[in-house]
Amino acid sequence: MTETKNTNGLKIALPNGSLEANTRKLFADAGLAIVGESRKHDARVNDPLISRVTFMRPQHIPKLVGNRTFDAGVCGEDCLAEAGTDSSVVKIAELLYGRGESTGQARVVLVSALENTTASLARVPAGSAVLTEYPRITRKAFSARGVSVEAMFSYGGTEAHVPRDFPFGVCLTDTGCSLTANGLKIVEVLFQTSTMLVANNRSLIESADSVNAIKHFLTGTLQARGKVFVTMNVPAGKKQAVLKILPALRKPTIAKLAGGRYFSVGTVVSLAEKNQVVTSALRAGAEGLIVQPISQIVESW
């Protein structure tokens with residue numbers, strides 16, 4: 001039997017490399033599991049919202065979303081800034097995930113050797129050679145300060161060339177551990193970045209419901225991570241005492257049970273505070289507590 005292909009859904013560009021594994025996991029957890037051979041760039045999602053996904057270097061994604069080769073994509077905000085895309089690419093949502101356990105929040109930084117006395121971008125000597133993974137961001141930052149430098153493009157691994165080959169470098173860092181290990185310091189932060197869901201402006205207009213659905217599935221999945229739903233039965237006379245100990249009174253769900261002698265109370269709790277909440281609720285008079293995993297939290301359209 002010939003497989004029916006979805007030709008009406010969105011075409012989405014996704015990052016390969018260090019972000020690919022966690023991108024696949026996020027889509028799977030959101031009910032949008034990506035199906036395809038690991039070595040093939042093109043894949044599919046068994047959901048009518050998406051017709052095709054393609055894995056590629058995240059630096060290419062802004063341009064390809066901008067010219068509508070793809071309707072939407074996932075990449076760092078630094079990639080958008082470096083590509084210099086215009087209003088044809090719209091930022092839809094911040095996706096707080098990255099490689100490993102990272103949230104995806106990182107910084108584009110100007111670095112130099114620890115012993116270098118330069119304390120800010122404005123103090124970089126005119127004419128200095130700067131090895132940079134972000135030529136556009138680098139030139140814009142130095143131009144804004146009125147400092148003329150020679151921006152030399154780096155293919156990555158900038159830390160290996162500073163200060164031996166170049167006195168300054170511009171690279172991406174999240175924890176700063178690699179910089180410290182290589183005897184470097186951050187002179188100045190040029191750009192704050194995080195992982196973003198972006199879309200083509202025309203695609204957003206013509207397929208608004210599909211783009212928004214994907215946004216909510218992805219952000220709702222990320223928001224649910226590290227959280228559980230705690231439900232409990234509470235005697236009417238103990239209701240106020242139990243509500244006082246729930247975290248910040250997070251608008252718990254309260255329903256009167258048959259007979260009016262008990263209430264069912266439910267609330268979202270982080271895993272970090274779950275044990276304390278359960279213990280405190282039981283001590284305050286709650287009964288029959290149930291802790292359930294949460295797959296998504298979608299607050300509104």
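Me: Two strands pair if DSSP finds at least two bridges between them. What makes strand E13 (residues 227–235) and E16 partners?

Reply: Five bridges join E13 to E16. At least two are needed, so the strands pair. They run antiparallel. Thr 231 stands opposite Ile 290 in E16. This is a predicted model: local features need pLDDT of at least 70, side-chain atom pairs count only at pLDDT 80 or more, while totals for chains, interfaces and linings use all residues. Residues are numbered from 1 along each chain as its sequence is written, and side-chain values use heavy atoms, without hydrogens and water.

Me: Where do the names of helices and strands come from?

Reply: They are DSSP runs, numbered from the N terminus: helices are H or I with at least four residues, strands are E with at least two.

Me: What makes H1 roughly perpendicular to H7?

Reply: The axes of helix H1 (residues 20–29) and helix H7 (residues 208–224) cross at roughly 100 degrees and come within 9 Å. An axis is a line fitted to C-alpha atoms, for helices over the stretch in contact; angles between N-to-C directions run from 0 to 180 degrees. Under 35 degrees is roughly parallel, over 145 roughly antiparallel, 65 to 115 roughly perpendicular, and the rest oblique. That makes H1 roughly perpendicular to H7.

Me: Which residues make the contact?

Reply: Leu 26, Phe 27 and Asp 29 of H1 meet Leu 218, Thr 221 and Leu 222 of H7. Contact means heavy atoms within 4.5 Å.

Me: Are Cys 79 and Cys 177 buried or exposed?

Reply: Buried means under 20% relative accessible area, exposed over 50%, partly exposed in between (1.4 Å probe, protein chains only). Cys 79 has 8%, so Cys 79 is buried. Cys 177 has 53%, so Cys 177 is exposed.
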